[in-house]
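Here is a short report on a protein model. Look over the sequence and the structure first, then read on.

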Amino acid sequence: MTGEIRLERQGHVATVTIDNPGKRNAMSQAMWIAMGDIILGLSADPTLRCILLRGAGDEAFGSGADISEFEQLRSSRERAIAFARHGHRAMHALRDCPIPTVAAIRGACVGGGLELAAYCDLRIAGADSRFGVPIARLGAVLAYPELDGLIGLAGPNAALELLLEGRIWDADEALLKGLVNRVVSVDRFDEEVQQTVARIVANAPLSARWHKRFVRRLRSQPAALNEAELAEGYACYDTEDYVIGYQAFLARVRPQFKGK
């Protein structure tokens, strides 16, 4: 069976599933293209409040690129560059997505799977999850766009440890070294993922989008903030959601934000 990227919508939440369990959810070129298409499409939807990224089944979130395609698609520098553009497009779509993204990780999260997870905003890992980038065993390297996400997530020391040793980390080590936000027992995993998504959805969606943009600006650009950027930090006070939020707080009721 050929792998695919599945999209499901329920209310304000979109679930994107890497579905290729026969190959531990390895990503074919067609799946990388589909991932980019789907994330870019979702990014333009003002009604969405959360995107959940996960792998089909419990054995793997994602095991990277489909090695069976290497002979045809990555057997030379030119072919590798052409292939990599699709992966970089998908990763950067996640990086630039204005909607909060959560990676729900069970089992193997290695290679391209970890590169995708690194560009999500939050990573919830099951206690059975495993992490690594054993690309040196193939005599290959992570190109700059792939390495950027890993370094941004866990820093240069952890990135070099993963790449130089090619060792697979368990969930506890991944948590200790900053690859994931939290580790949850397998029996509580689905509940924790659902609760995480519910907390994000319940909050003001415009606040989430602003916070994502502010954090990215502070991390990626050393230049001082200009007057327009500083002023944007107070734009929320002109929104309907702000009025809804503070009035609900005063009334001690749950706010029902509209995204306006």
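## Helix 1 and helix 3

This is a predicted model. Start with two helices. Their axes cross at roughly 30°, and an angle under 35 degrees counts as roughly parallel, so helix 1 and helix 3 are roughly parallel to each other. Helix 1 covers residues 29-43 and helix 3 covers residues 77-96. The two axes come within 8 Å. The crossing of helix 1 past helix 3 is left-handed.

Which residues make the contact? On helix 1 they include Trp 32, Ile 33, Met 35, Ile 39 and Leu 40. On helix 3 they include Phe 83, His 86, Arg 89, Met 91 and Leu 94. By type, the contact residues of the two helices divide into 10 nonpolar, five polar and two charged.

Arg 24 is not a glycine, yet its phi is positive, at about 55°. Asn 25 also has a positive phi, near 60°.

Are they buried or exposed? Arg 24 is partly exposed, with a relative accessible area of 38%. Asn 25 counts as buried, at 1% relative accessibility.

## Lys 212 in helix 8

Helix 8 runs over residues 205-220 and holds Lys 212. Because its relative accessibility is 16%, Lys 212 counts as buried.

What does the side chain of Lys 212 meet? It makes a polar contact with the side chain of Asp 121, at 2.8 Å. Lys 212 also touches Cys 97, Pro 98, Ile 99, Pro 100 and Thr 101.

Notes:
Residues numbered from 1 in each chain as written. Predicted model: local features only at pLDDT ≥ 70, side-chain atom pairs only at ≥ 80, totals over all residues. Heavy atoms only, no water. Helix = DSSP H or I, 4+ residues; strand = E, 2+ residues; numbered from the N terminus. Buried < 20%, exposed > 50% of the residue type's maximum accessible area, 1.4 Å probe, protein only. Polar contact = N/O pair within 3.5 Å; in protein donor to acceptor, adjacent residues only side chain to side chain. Contact = heavy atoms within 4.5 Å. Axes fitted to C-alpha atoms, helices over the stretch in contact; angles between N-to-C directions. Parallel < 35°, antiparallel > 145°, perpendicular 65-115°, else oblique. Left-handed = near helix turned anticlockwise from the far one by under 90°. Nonpolar A, V, L, I, M, F, W, Y, C, P; charged D, E, K, R; others polar. Lists of a residue's contacts leave out its neighbours within four places in sequence.
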